[in-house]
Amino acid sequence: MSIDGNRAEDALTAGPMFRILGPLQVTVGGRQDFTIPPGRQQIVLGVLLLGANRVVSIDHLIDAIWDDDPPATARTQVQICVSRLRNSLIAAGCEAIVTRPPGYLMPVRPGQLDAQLFTTLTADADTHARAGRADQAADVLGQAVGLWRGPALTGINSHILRARATELDERRLAAVESHVDLQLQLGRHHQLVGELSTLVSENPLRERLRGQLMLALYRSGRQAEALEAYRHGRELMIDQLGLEPSEELRRLETSILAGDVAPRTVEVAPVLSPRAAEPEVPFQLPTDIADFTGRAELVERTERLLADTQEGEGYATRVVVLAGKPGVGKSALAVHVAHRLGDNHFPDGQLYCDLGGNRTEPTRAVDVLGRFLRALGVPGEAVPEQADERAEMYRHLLARRRILVLLDDAAGEAQVRPLLPGSGTSVVVVTSRARLTGLAGARLCDVDVFDQDEALSMLASVIGAERVAAEPAAAEALIRLVGRLPLALRIVAARLGARPHWSLAWMLERLSDERRRLDELAHGELMVRASLALTYDGLAPRARRLLRLLSVLDGLSFPNWVAAALLDADYLDAADLLEVLVDAQMVEVAAMDITGSPRYKLHGLIRLFAREQLEQHEPDQSREAAVGRVAGGWLGLSDAAHRRIYGGDFTVLHGPAPRWHPPASYTDRVLVDPLAWLESEHANLCSTVTLTAASGLPEPCWDLAVSLVTLFEARCYFDDWEKTHRVALAAAAKHGNRRGVAAVRCSLGSLHLSRRQLAAAEEELLPALGEFEELGDSHGIAMALRNLALLDQIRGATGPAYERYTAALAGFRAVGDLVGQAHVLGQIAQLRLDRGEPAEAGAHLADALAICQEVGNRRVEVQIRYKLSELMLRDGRPAEAKDVLVDLLRVVREWGDIVGESRILRRLGQVTVRLGQADIGERLLAEALVACEQTMDRAGADAIRGELARLVTG
């Protein structure tokens, strides 16, 4: 059986097979052993298979089943449906559907899904075609086309599935056309006439097929029929589209008339690799507002501007700017419209970012581009450093894809401009207080306050239509009093809704008595401040204090333990206070975290109001203590995550900053997958570094910054690594924290080494080593020496590198840093290998491997075993090396480590060739080349191309 990565198990005829290229079908052992009930189960299975091996949210499944009109029990019905489907699949011998927040994952192995097999075969055909092997390319492409049993997902009634099925059908037609081109190149025109006649009859406006039919007829000596095929197609196009045939088709007709059709050298359109052919489909939109009210005309206009494909598609990107005063509901409107358009108009996904235009430091465009590139499937190491390079890659990925981009709360044109796609297939919605008239071609929609009917509708939706009907005059007066501003009106309505015994007249009297300043409702934020103050004054003292303290955060969503840390209170007690603030509409429920607990967020205007109250009522010492506790909470959780990944507090330096610990049960739940937790809280963790620096807390600032390297290194977040460390370095230096300065500089040295910025690494590492030596910090000395040794090794100074590694090893042993020892032993082994000392290298690798297995550190173990495979090769044991590499390949693919995958695939290809399996080795090297190109590893890609060329030439 082939060990080729994507086709390692393509001989699973005895196992389950999922078929979506035609009617949905599941077979086991080549037989259809059971039938999926039509309706919801087929829709759910279809959606899960289209997103095979990726998490599909419950909300997406609900949309697929019920479109825009789900019942109140939709989530429960989906859960029941998935449970029944899971049981049926297990009974048939298939793998179980996995529950993974926020939805489900359908595990599918290579060769088990016909759509994936189709992609793999078309990629193989493309490889043959590029190498000039047209006959093999035609055979393989014929196998790919033969997988189809009719239109994809035939008979399933779901708009979302039909959109995706249409995309698959288009790929089939493209493959059919390429297959025909290959057969024409091979001179099989006589056999093609009948098939092409049928295809053209089914797709009369598809010019490529018509041109192929004309060519096949002409080459078969049927010139008149070829010309008739052209004339019939021209009449259809003029009649149905009002267009003449393309220039290429007209040239072909002219050549046939002249009897001068040159033999064609076919260039088969490239078919992307499986990974590239199935790009990431991001769904980043926030939740729509369940009781969204009014705005019918504005919603219709915005949708028309975005969905009208006759206007500018293929040329300029359609940009709609929703502008208006704070609190007018721009964001709610934008999210609502984006959800309504959704998959029907933009099936390739939706990107979203809060640009923070009302924050002190709005989000930089370069950082947004980094987030978007990752969401589009670009690995961290492949994300360019420069803003213009990121923008170029972003525009390239969005070209010819239909994606909706929502940029919320933009500060100005300069922030938005780099985030615009380069083609007309995608659209952009921007919300901003400014009108952004400097964006060329943007369509501006001014969002104003509610009209009277819309305001009455909102009030009735919150407090009940019967209460509004009972006091119509008071209702209208209330609406006038808050200036019909949606945010202010929602807050007043929430107070009435929470107090059913209050009359509207009493609410009106309270507003009039407490706020004579409401005369200034027309003066911007004052009207919002007055409305917020009304709700704030009605809160209990502890709830008011919590709201004040929440304003120290940076406006991001946060888990409920943060409230407990701010108050230094019981976890559940603080959670109850948060719900009080939610009921009062002062805090929003932003999402659910990975434990199923709610996450919260302050609206930007409410946060500004709460910050004013904080400055008036909270002493500086109290504020600093609250920030310290929150930072201690993030530190404690980060420590625990690092320990679970590394097996202990290894290869990291900590300071004496106090930790604040959420309940152990919470910690255990969120850290089931510690790296996933670090990823999910990435923004909060980085924000806390900045927050502690601004609050004059250098110890937690530098400690958290260096702790986050666990995430930054694993996911290649190099920009955040540098940004947090520059902040922490300045904070530590400002307060004379020498150990913090040394720790941060040592970590910055590691960053520069990762980027191969050797001079910059040396500038950080040498001062860090000197500082650690003056402080007598053995652990710090060992870490600095290890990094300097790696610098020497990269530069080729193997003697100094060996000396420094030896000293670092002694230091790590002295402080009990096991992982540090394992890493250094692996590097020393590499030096020994390079010096031709395999026995000594093997001893070091055995020691390092034993340490990794003792502490359970899989990541370093993979690195050690990779070096071990090199030792086996040098010892003349390629079969053993192959076994090691196959196992490592499986592990790195589970982790999503594309960089590691490219390196292992390359060596595995080399080993396989050495074992006499040249065809398999060539395929593995081709896969390694795809991975290198995906991570922008140009040097590695060039080296692999050279190896492939040598294989072809023998």
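pLDDT is the predictor's confidence in each residue, on a scale from 0 to 100. In the protein chain here the average pLDDT is 84, and 91% of the residues score at least 70. This is a predicted model, so local features need pLDDT of at least 70 and side-chain atom pairs count only at pLDDT 80 or more, while totals for chains, interfaces and linings use all residues. Residues are numbered from 1 along each chain as its sequence is written, and side-chain values use heavy atoms, leaving out hydrogens and water.

Helices here are DSSP runs of H or I with at least four residues, and strands are runs of E with at least two, numbered from the N terminus. Among the elements, helix 31 (residues 698-707) has the highest mean pLDDT, 97, and helix 11 (residues 274-277) has the lowest, 38. Over residues 1-13 the pLDDT is below 50, and this stretch has 38 contacts (heavy atoms within 4.5 Å) beyond near neighbours in sequence.

Now look at P384, in the loop between helix 14 (365-375) and helix 15 (387-398). P384 counts as buried because its relative accessibility is 13%; buried means under 20% relative accessible area, exposed over 50%, and partly exposed in between, using a 1.4 Å probe and protein chains only. Leaving aside residues up to four places away in sequence, P384 touches L373, E389, R390 and M393. P384 and M936 are 552 residues apart in sequence, with 8.9 Å between their C-alpha atoms.

Finally, find L153 in the loop between helix 5 (134-146) and helix 6 (159-185). L153 is not a glycine, yet it has a positive phi of about 55°. With a relative accessible area of 0%, L153 is buried.
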